[in-house]
Amino acid sequence: MRRYRIANRFRFTLFVVIMILLLTTTLNFALGTGTADSLTKVSYMDLKVTSGDTLWDIAQTYMSDTDDVRHAVYTLCQINNISADELHSGMTIQIPVAV
């Protein structure tokens with residue numbers, strides 16, 4: 001039976017620490033524990049469309065000022081499962097509101 005002897009204790013300890021850190025980092029990525037969730041919860045407000053309303057005007061009025069209006073219109077279409085030409089008065093649409 002062959003016996004191994006540690007020649008340099010510092011190098012061995014450094015190797016073990018690096019391997020533990022590498023293994024821990026790899027497992028965190030593999031298990032997805034390093035992912036972050038948004039702190040803002042999106043809720044929706046119902047808006048009844050009146051005559052003369054357009055998605056562009058609704059997006060400018062109710063959506064975030066940091067968003068591009070074109071992106072806000074696209075988001076409204078996706079949430080409500082409509083296209084811009086399907087909007088008519090009396091229709092109720094949902095608008096995202098950050099809480």
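Predicted model: local features only at pLDDT ≥ 70, side-chain atom pairs only at ≥ 80, totals over all residues.

Visitor: Why does Asp-68 count as partly exposed?

Guide: Its relative accessibility is 37%. Buried means under 20%, exposed over 50%, and partly exposed in between (1.4 Å probe, protein chains only). Asp-68 therefore counts as partly exposed.

Visitor: And why is Arg-70 called exposed?

Guide: Arg-70 has a relative accessible area of 57%. That is over 50%, so Arg-70 is exposed.

Visitor: What makes Arg-70 and Asp-68 a salt bridge?

Guide: Their closest N and O atoms are 2.9 Å apart. A salt bridge needs a side-chain nitrogen of Lys or Arg within 4 Å of a carboxyl oxygen of Asp or Glu, so the pair qualifies. The whole structure has 1 salt bridge.

Visitor: Which residues have the most contacts inside the largest nonpolar core?

Guide: They are Leu-55, Ile-58, Ala-59, Leu-76, Leu-87 and Ile-93, in a core of 16 residues. Such a core is a set of buried Ala, Val, Leu, Ile, Met, Phe, Trp, Tyr and Cys residues joined through side-chain atoms within 4.5 Å.

Visitor: What is Leu-55 in contact with?

Guide: Beyond neighbours within four places in sequence, Leu-55 is in contact (heavy atoms within 4.5 Å) with residues including Val-73, Leu-76, Leu-87 and Ile-93.

Terms used
Residues numbered from 1 in each chain as written. Heavy atoms only, no water.
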